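Please open the structure in a viewer and keep the selection panel at hand.

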Amino acid sequence: MSKLNSIPDKIIEKREEVKALVKEEREALQHDSKKLTNEKEFMISTVKEYGYALKYASKRLRNDRDVVLAAVGKDGCALQYASREFRNDRDVVLVAVKTHGSALEFASRELRNDNEVVSAAVNKHGCALEFASKKLKNNKEIVLDAVREGCYAFIFASEELKNDEEILAIVKSNFSSLKINSEEPKNIKTILVGALKQNGCFHEGDSENSSMSMDN
(Lines give C-alpha, C1' and ligand atoms only; values in the text may rest on other atoms or scores of the structure.)
Protein backbone atom coordinates (compact mmCIF):
# COMPACT_ATOMS: atom_id res chain seq x y z
CA MET A 1 0.00 0.00 0.00
CA SER A 2 1.35 3.42 -0.94
CA LYS A 3 2.33 5.71 1.87
CA LEU A 4 0.41 8.46 0.08
CA ASN A 5 -2.81 6.53 0.71
CA SER A 6 -2.22 6.86 4.44
CA ILE A 7 -2.04 10.65 4.32
CA PRO A 8 -5.36 12.24 5.35
CA ASP A 9 -7.23 14.03 2.55
CA LYS A 10 -7.13 17.32 4.47
CA ILE A 11 -3.33 17.28 4.54
CA ILE A 12 -3.13 16.52 0.81
CA GLU A 13 -5.56 19.33 0.09
CA LYS A 14 -3.53 21.68 2.29
CA ARG A 15 -0.33 20.73 0.52
CA GLU A 16 -1.90 21.47 -2.86
CA GLU A 17 -3.11 24.80 -1.51
CA VAL A 18 0.40 25.69 -0.32
CA LYS A 19 1.91 24.70 -3.69
CA ALA A 20 -0.59 26.93 -5.45
CA LEU A 21 0.26 29.84 -3.16
CA VAL A 22 3.98 29.34 -3.68
CA LYS A 23 3.50 29.35 -7.44
CA GLU A 24 1.41 32.50 -7.21
CA GLU A 25 4.02 34.25 -5.05
CA ARG A 26 6.86 33.19 -7.37
CA GLU A 27 5.08 34.63 -10.39
CA ALA A 28 4.36 37.83 -8.50
CA LEU A 29 8.00 38.11 -7.42
CA GLN A 30 9.24 37.60 -10.98
CA HIS A 31 6.90 40.34 -12.13
CA ASP A 32 7.79 42.73 -9.29
CA SER A 33 11.53 42.06 -9.48
CA LYS A 34 11.75 43.78 -12.85
CA LYS A 35 10.34 46.90 -11.24
CA LEU A 36 12.53 46.62 -8.14
CA THR A 37 15.77 46.16 -10.07
CA ASN A 38 15.03 49.44 -11.83
CA GLU A 39 14.35 51.34 -8.59
CA LYS A 40 17.47 53.25 -7.62
CA GLU A 41 16.96 53.45 -3.85
CA PHE A 42 16.08 49.78 -3.62
CA MET A 43 19.15 48.73 -5.59
CA ILE A 44 21.46 51.01 -3.62
CA SER A 45 20.30 49.53 -0.33
CA THR A 46 20.63 46.03 -1.79
CA VAL A 47 24.14 46.38 -3.24
CA LYS A 48 25.37 48.03 -0.06
CA GLU A 49 24.65 44.72 1.62
CA TYR A 50 25.36 42.39 -1.32
CA GLY A 51 27.63 44.07 -3.86
CA TYR A 52 27.22 41.13 -6.24
CA ALA A 53 23.53 42.04 -6.61
CA LEU A 54 24.59 44.66 -9.15
CA LYS A 55 24.37 41.74 -11.57
CA TYR A 56 20.57 41.90 -11.29
CA ALA A 57 20.19 45.66 -11.61
CA SER A 58 18.61 47.07 -14.73
CA LYS A 59 20.85 48.26 -17.53
CA ARG A 60 20.02 51.83 -16.57
CA LEU A 61 21.16 51.35 -12.97
CA ARG A 62 24.31 49.47 -13.94
CA ASN A 63 25.17 52.76 -15.63
CA ASP A 64 24.30 54.85 -12.55
CA ARG A 65 27.32 56.20 -10.60
CA ASP A 66 25.65 56.05 -7.17
CA VAL A 67 24.54 52.45 -7.62
CA VAL A 68 27.85 51.27 -9.03
CA LEU A 69 29.91 53.01 -6.33
CA ALA A 70 27.74 51.46 -3.63
CA ALA A 71 28.22 48.02 -5.17
CA VAL A 72 31.99 48.13 -5.69
CA GLY A 73 32.41 49.71 -2.27
CA LYS A 74 30.98 46.51 -0.81
CA ASP A 75 32.47 44.02 -3.28
CA GLY A 76 35.11 45.27 -5.70
CA CYS A 77 34.49 42.41 -8.10
CA ALA A 78 30.97 43.71 -8.69
CA LEU A 79 32.80 45.96 -11.15
CA GLN A 80 32.32 43.20 -13.73
CA TYR A 81 28.59 44.00 -13.82
CA ALA A 82 29.01 47.75 -14.22
CA SER A 83 28.66 49.39 -17.60
CA ARG A 84 31.71 49.77 -19.81
CA GLU A 85 31.76 53.47 -18.95
CA PHE A 86 32.35 52.79 -15.27
CA ARG A 87 34.88 50.04 -15.89
CA ASN A 88 36.86 52.85 -17.50
CA ASP A 89 36.09 55.37 -14.73
CA ARG A 90 39.24 55.91 -12.67
CA ASP A 91 37.46 56.88 -9.45
CA VAL A 92 35.09 53.91 -9.59
CA VAL A 93 37.86 51.45 -10.40
CA LEU A 94 40.03 52.79 -7.58
CA VAL A 95 37.22 52.15 -5.10
CA ALA A 96 36.79 48.65 -6.54
CA VAL A 97 40.45 47.60 -6.37
CA LYS A 98 40.86 49.05 -2.88
CA THR A 99 37.97 46.83 -1.81
CA HIS A 100 39.16 43.76 -3.71
CA GLY A 101 42.47 43.87 -5.58
CA SER A 102 41.44 41.27 -8.14
CA ALA A 103 38.72 43.63 -9.38
CA LEU A 104 41.52 44.92 -11.61
CA GLU A 105 40.59 42.07 -13.95
CA PHE A 106 37.39 43.91 -14.87
CA ALA A 107 38.89 47.36 -15.37
CA SER A 108 39.44 48.77 -18.84
CA ARG A 109 42.71 48.14 -20.64
CA GLU A 110 43.61 51.78 -20.11
CA LEU A 111 43.22 51.54 -16.33
CA ARG A 112 45.12 48.25 -16.14
CA ASN A 113 47.99 50.38 -17.40
CA ASP A 114 47.47 53.11 -14.78
CA ASN A 115 50.18 53.21 -12.10
CA GLU A 116 47.95 54.39 -9.26
CA VAL A 117 45.16 51.92 -10.03
CA VAL A 118 47.48 48.93 -10.38
CA SER A 119 49.49 49.93 -7.31
CA ALA A 120 46.29 50.09 -5.23
CA ALA A 121 45.24 46.69 -6.55
CA VAL A 122 48.51 44.86 -5.84
CA ASN A 123 48.81 46.45 -2.40
CA LYS A 124 45.43 44.93 -1.61
CA HIS A 125 46.11 41.59 -3.31
CA GLY A 126 49.56 40.89 -4.75
CA CYS A 127 48.36 38.45 -7.38
CA ALA A 128 46.27 41.20 -8.96
CA LEU A 129 49.52 41.77 -10.83
CA GLU A 130 48.19 39.06 -13.16
CA PHE A 131 45.74 41.59 -14.62
CA ALA A 132 48.16 44.51 -14.99
CA SER A 133 49.42 45.61 -18.38
CA LYS A 134 52.62 44.14 -19.77
CA LYS A 135 54.29 47.48 -19.14
CA LEU A 136 53.43 47.54 -15.43
CA LYS A 137 54.41 43.90 -14.96
CA ASN A 138 57.84 45.25 -15.82
CA ASN A 139 57.61 48.18 -13.39
CA LYS A 140 59.91 47.37 -10.48
CA GLU A 141 58.04 49.44 -7.87
CA ILE A 142 54.72 47.81 -8.81
CA VAL A 143 56.20 44.32 -8.71
CA LEU A 144 57.96 45.02 -5.39
CA ASP A 145 54.63 46.09 -3.87
CA ALA A 146 53.01 42.97 -5.28
CA VAL A 147 55.55 40.45 -3.97
CA ARG A 148 55.67 42.19 -0.59
CA GLU A 149 51.92 41.68 -0.29
CA GLY A 150 52.15 38.09 -1.53
CA CYS A 151 55.17 36.41 -3.06
CA TYR A 152 53.02 34.35 -5.46
CA ALA A 153 52.78 37.57 -7.48
CA PHE A 154 56.30 36.76 -8.65
CA ILE A 155 54.71 34.37 -11.16
CA PHE A 156 53.16 37.30 -13.03
CA ALA A 157 56.20 39.60 -13.10
CA SER A 158 58.04 40.21 -16.35
CA GLU A 159 60.87 37.85 -17.22
CA GLU A 160 63.29 40.71 -16.69
CA LEU A 161 62.10 41.36 -13.13
CA LYS A 162 62.10 37.67 -12.28
CA ASN A 163 65.88 38.07 -12.42
CA ASP A 164 65.96 41.11 -10.15
CA GLU A 165 67.98 40.35 -7.00
CA GLU A 166 65.85 42.53 -4.71
CA ILE A 167 62.61 40.91 -5.86
CA LEU A 168 64.08 37.41 -5.62
CA ALA A 169 65.27 38.13 -2.08
CA ILE A 170 61.79 39.20 -0.97
CA VAL A 171 60.19 36.12 -2.47
CA LYS A 172 62.63 33.73 -0.84
CA SER A 173 62.56 35.43 2.57
CA ASN A 174 58.77 35.66 2.70
CA PHE A 175 58.16 32.08 1.67
CA SER A 176 60.59 30.15 3.82
CA SER A 177 57.96 27.43 4.29
CA LEU A 178 58.57 26.35 0.69
CA LYS A 179 62.33 26.06 1.32
CA ILE A 180 63.31 28.03 -1.76
CA ASN A 181 67.05 27.53 -1.98
CA SER A 182 67.50 27.80 -5.72
CA GLU A 183 68.91 30.97 -7.24
CA GLU A 184 67.26 30.21 -10.59
CA PRO A 185 64.10 32.33 -11.20
CA LYS A 186 62.56 29.56 -13.32
CA ASN A 187 62.97 27.10 -10.46
CA ILE A 188 61.42 29.56 -8.00
CA LYS A 189 58.47 30.06 -10.35
CA THR A 190 58.06 26.27 -10.64
CA ILE A 191 57.97 25.94 -6.85
CA LEU A 192 55.42 28.74 -6.46
CA VAL A 193 53.20 27.39 -9.25
CA GLY A 194 53.36 23.93 -7.68
CA ALA A 195 52.21 25.32 -4.33
CA LEU A 196 49.36 27.20 -5.98
CA LYS A 197 48.24 24.09 -7.86
CA GLN A 198 48.09 22.16 -4.62
CA ASN A 199 45.70 24.80 -3.30
CA GLY A 200 43.64 24.79 -6.50
CA CYS A 201 44.55 28.42 -7.20
CA PHE A 202 46.50 28.09 -10.41
CA HIS A 203 46.01 26.29 -13.69
CA GLU A 204 48.59 25.62 -16.38
CA GLY A 205 48.94 28.60 -18.68
CA ASP A 206 47.26 31.11 -16.36
CA SER A 207 50.07 33.66 -16.46
CA GLU A 208 50.47 33.36 -20.22
CA ASN A 209 46.76 33.49 -20.91
CA SER A 210 46.27 36.53 -18.73
CA SER A 211 49.05 38.38 -20.49
CA MET A 212 47.57 37.58 -23.88
CA SER A 213 44.03 38.58 -22.96
CA MET A 214 45.04 41.84 -21.32
CA ASP A 215 47.63 43.12 -23.73
CA ASN A 216 46.63 41.96 -27.19
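Contact here means heavy atoms within 4.5 Å. Helices are DSSP runs (H or I, at least four residues), numbered from the N terminus. The model is predicted, so local features need pLDDT of at least 70 and side-chain atom pairs count only at pLDDT 80 or more, while totals for chains, interfaces and linings use all residues. Residues are numbered from 1 along each chain as its sequence is written, and side-chain values use heavy atoms, with hydrogens and water left out.

**First stop: helix 5 and helix 6**

Select R90, V93, L94, V97, K98 and T99 in helix 5; they meet E116, V117, A120, A121 and K124 in helix 6. By class, this contact has six nonpolar, one polar and four charged residues (Ala, Val, Leu, Ile, Met, Phe, Trp, Tyr, Cys and Pro count as nonpolar, Asp, Glu, Lys and Arg as charged, and the others, Gly among them, as polar).

Two packed helices are described by the angle between their axes and the distance between the axes. Helix 5 and helix 6 pack at about 15°, with their axes 8 Å apart; axes are lines fitted to C-alpha atoms over the stretch in contact, and angles run from 0 to 180 degrees between N-to-C directions. The two helices are therefore roughly parallel to each other (angles under 35 degrees).

**Second stop: R90 and E116**

Now display the side chains of R90 and E116, which meet in a salt bridge at 2.5 Å, N to O. A salt bridge is a side-chain nitrogen of Lys or Arg within 4 Å of a carboxyl oxygen of Asp or Glu. R90 lies in helix 5 and E116 in helix 6 (residues 115-124), so the pair ties together parts that are 26 residues apart in sequence. R90 is partly exposed, at 33% relative accessible area, and E116 is partly exposed at 41%. Buried means under 20% relative accessible area, exposed over 50%, and partly exposed in between (1.4 Å probe, protein chains only).

Select D89 and R65 next: their side chains form a salt bridge of 2.3 Å, N to O. D89 lies in the loop between helix 4 (84-87) and helix 5 (90-99), and R65 lies in helix 3. Is D89 buried or exposed? D89 is buried, with a relative accessible area of 13%, whereas R65 is partly exposed at 35%.

**Last stop: D64 and K40**

Finally, select D64 and K40, whose salt bridge has its closest N and O atoms 3.4 Å apart. D64 is buried at 14% relative accessibility, and K40 is partly exposed at 27%.

Conventions: Parallel < 35°, antiparallel > 145°, perpendicular 65-115°, else oblique.
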